[in-house]
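Please consider the briefing below, which follows the structure shown here. It is arranged by topic for a reader new to the subject.

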Amino acid sequence: MSEQDGVSRRSVLLGAGAAAGALGLGGSRLTSLSVDPAAASVEQFLDRNDVLHGYCSPNCRGKCQMDVYVRDGQIRKVEPKVPDNPDYKRSCTLGLSHMQRAYNPTRLKYPMKRTDWSPGDPNPTGRGPDAEFERIEWDEALDYVADEMLRVREEYSPESVYFELGSGTDGIGATVYNRLAGAFGGTMKAWSIDINVGLGFRRVTGAGYFNTPTNQATDIENANTIVIWGGNIFESRFQMDASKVLDAKQNGAKIVVVDPVYNTTTAKADVWLPIEPGKDGHLAMAMIYTVFEEDYLDEQFLRERTLGPALVREDGSLLKTADVFDDGDDETPVALDEASGEPVALEPETYGEYALFGEYEVDGETVTTGLTEIREAAADYAPEEMAEYVGVDAENIRQTVRWLGTRGPGGILTGLGVDRYVYGHIFGQAYAILLALLGQYGMSGCVTGGLTQGGGFTSDYGAVEGAPGSRSLQQKGILSAMAGDDEKPIKAMYAMASNFTANQMPDRQAWLDALENVDMVAVADMQHTPNVQHADVVLPASHWFEREDVTGSWTQPHVRYREPAHEPLWESKSDHWMLVRLAERLGYGEHFDRDRETTLQKVLDAEDRFTLEDLREKGTFFDDSAPEIIWQGEFNTPSGRLELYDEDAPSEDGTSLEVPVPMESRTSPDYELADEYPLTFLQKHSRWRIHSQFGRMPYLRQIETEPVVDIHPSDAEERDIEDGEYVRIYNDRGELVVKARYNEGYRPGMVNVNQGWWGEDYIRGHHNDLTHTDVSDAIENFAFYDTRVEVEPAPDDIDTSQYTDPDRAPWLGGSNGGGDN
Ligand SMILES: Nc1nc2c(c(=O)[nH]1)N[C@H]1C(S)=C(S)[C@@H](COP(=O)(O)OP(=O)(O)OC[C@H]3O[C@@H](n4cnc5c(=O)[nH]c(N)nc54)[C@H](O)[C@@H]3O)O[C@H]1N2
Ligand SMILES: Nc1nc2c(c(=O)[nH]1)N[C@H]1C(S)=C(S)[C@@H](COP(=O)(O)OP(=O)(O)OC[C@H]3O[C@@H](n4cnc5c(=O)[nH]c(N)nc54)[C@H](O)[C@@H]3O)O[C@H]1N2
Ligand code: SF4
Ligand SMILES: [Mo]
């Protein structure tokens, strides 16, 4: 039985007080937690509070600064803090509910060991929902982990120890973790999520990884047209730059949304392009077609800053200066000067009267131009030809391009929806080209992607000098190495801030099967997650507001600081605390400091713009080093220009991608199992959780009580499914039983279950039992939404009592300020 199962609200809170009393950890503070009747009332918002600096730090990219109100040693409420630059005041309901998270009954309280695990006798099949745990001492727990890591290194290889760092939080815990993994020489993962569109875009522009870069958020209000493409930003970023999109709208901007779903974001659109899932490459090509046909080309920009005029040989390679000049090189592309008819070098940031289109003879070779190749590639994608296939009215496609082509600065704000299809990277390439044709780079008001400019600090506290460093594997490679399919198989694993293997990874069962080859799984987390049920050694991490820390952010230019509201509750410890002691056991003690402040100082040592003392006083630091307007000057590409034509292109399925060629995997009508599993299966991100976090907070659970599948009534009725009825979703990999919710906002032919729910939240199965790990050759990015399923009424023998019988619903209550309300 898992730790939280069957534990009532009262017994959890009394347990908290009792544990703290026994450990001498400020019993009075904790007693007030369990018995103070005012704790759940509005009075807690009043009176004498200390206001501490804080910030919230899950992977929503917000890292919102917070004011944490503390009285009698207890967090009473949380409010958004006004940071150094007040334009960036932000927060969402989740962050404001942290009091319920800090005192949540699912928090891990003390180190534990799986009862039927011991070194040398791992019993891996004992892991899972039924695993039982026994409490152990911290020394014992850390000895187990260190001894197993050392044994595995000796018997297999250093790389056979896997340091799994999830996206659950950041700060110095993660810094120290990376340092330890490098010192040990273990394996770490290279992310294979959220990088598809970014890396496709990068081929053209030289930048992009996790999504694609754009100007600072404060510049968005200057855009005249914003096409929000595959991002439900008013749910996934409403607390951040999404509000700036509303500022732009108020200033008169046209908003277009490209999304198969009518949702919170679509509702703000002037024009909605309700695309069929997986057809974004096709739609982008239809827009490129329209730019050529209706002639919105920014010729000045194309000549000065792109490879549009570059000469392309018949074999697909670019003509270089060495091919035409005695003193040329093999790098610099060549264009044709229209006046002289002679080839000239295409230098970065240089305007010339270069020919943009045509076929020419140069030095006896037939050549065309990059733009000619792109126009040719788009020739079959006229909006009228594509309309039915992509599900978007041709005139609305043209209208969108007209706005982008005639209303001045604007562009495309990308979400991560397109990313989660196998060939999403081709869309990244295509839309980068579309914006280049329109000259939408380098000006105020240009919107080139979804990642606004962030800020941080300089640190040279990273690798231990002379350390071997860690091996990096794409996540599919991690799965193989875990399954033993690698010369350095993974035999021990330490997971931190990650609910990966048992919840967040596609084809979850494959990970759980592979995990059976691993002799020791240690999991450090704050909450008793599904991953914890698969652990052999459990390490309870403290809550964010129980530690001093510093972080930057990708999407907004501040460094923020937090101070502890109180000591870690029960026996939980910061990741820093555990990792330093683990490092000592592994023989690296001299490279780590037990004293957290010393580490913080070292992390900030290289920074000369502010000190730890400044942060302690002010709580935030506005980092104005990032440019407000990006893409000015040379691009970070080999030619220094936007590479509209990419001669070093990768291939997919035998097709070389010098210019975009839209491709599809499971969403294609030709997919072999298309008839058997006719519905596309999305698992979009929910406004009421950040991945698998915050799902156990009563405030939020009152809004999103249980997982549901969104299904169009026509699809439901065809299958004899009523609104609110439980259904079985299945495909060739697995099944899932959830409640159906009629939702006319979804296109017929697709269904959605929000991602993040834990296994035990479902009546049966898990959404990631249906997803797969098929990836493209070029990017290896997980394609969660490129999944097909069928839906039918649920079998009769299901037990739904956790949603009907309050005694069976541990998530209903149990938190200070929640539960009984
Ligand atoms: N509240 C909250 N905020 C979050 C997160 C969270 O879990 N909760 N997670 C954070 C993280 S790490 C990420 S990666 C982002 C993700 O947040 P988003 O970028 O919003 O990504 P998704 O939720 O995956 O899906 C976005 C939209 O893509 C649409 N979509 C699905 N398929 C297609 C398609 O084929 N074409 C097009 N054009 N659209 C499609 C979906 O209908 C959905 O509206 O959010 C971040 N912010
Ligand atoms: N089916 C499907 N699956 C998906 C997605 C999808 O769209 N569909 N989205 C994917 C995406 S975009 C992402 S980014 C991933 C995210 O997946 P994960 O990286 O696993 O993210 P989280 O669930 O936010 O956090 C993991 C854990 O970190 C723990 N944690 C938080 N703070 C701390 C701390 O200070 N110390 C320690 N030790 N632990 C802490 C939390 O309690 C939580 O259990 O999920 C992916 N999974
Ligand atoms: S969960 Fe909400 S409050 Fe927390 S960082 Fe993200 S947006 Fe900000
Ligand atoms: Mo993500």
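Asp-710 stands opposite Arg-741 in strand E29, which comprises residues 735-742. The model is a predicted one, in which local features need pLDDT of at least 70 and side-chain atom pairs count only at pLDDT 80 or more, while totals for chains, interfaces and linings use all residues. Residues are numbered from 1 along each chain as its sequence is written, and chains are lettered from A and ligands numbered from 1 in the order in which they are written.

**Strand E27 and its partners**

- Strand E27 covers residues 708-711; helices (H or I, at least four residues) and strands (E, at least two) are DSSP runs, numbered from the N terminus.
- E27 and E29 run parallel and are joined by four bridges; two strands pair if DSSP finds at least two bridges between them.
- With strand E30 (residues 750-752), E27 pairs in the antiparallel sense over two bridges.
- A residue is buried if 20 or more other C-beta atoms lie within 10 Å of its own, exposed if 12 or fewer, and partly exposed in between, with C-beta atoms placed from the backbone.
- In a regular strand the side chains alternate between the two faces of the sheet.

- Strand E9 (residues 254-258) is largely enclosed by the rest of the structure, because five of its five residues are buried.
- Lys-254, Val-256 and Val-258 point one way from E9, whereas Ile-255 and Val-257 point the other way.
- Strand E8 (residues 225-229) pairs with E9 in the parallel sense over five bridges, and Val-227 has Val-256 in E9 as its bridge partner.
- Strand E10 (residues 271-273) also runs parallel to E9, joined by three bridges, and the bridge partner of Val-257 in E10 is Trp-272.

**Domains and their contact**

- The domain assignment of the chain gives domain 1 (197-437) and domain 2 (665-812); such bounds come from an automatic or database domain assignment.
- The centres of the two domains, taken over C-alpha atoms, are separated by 34 Å.
- Domain 1 gives 20 residues to the contact and domain 2 gives 20 residues; two residues are in contact if their C-beta atoms, placed from the backbone, lie within 7 Å.
- On the side of domain 1 that touches domain 2, helix H8 (233-236) and helix H16 (424-437) are the elements that give two or more residues.
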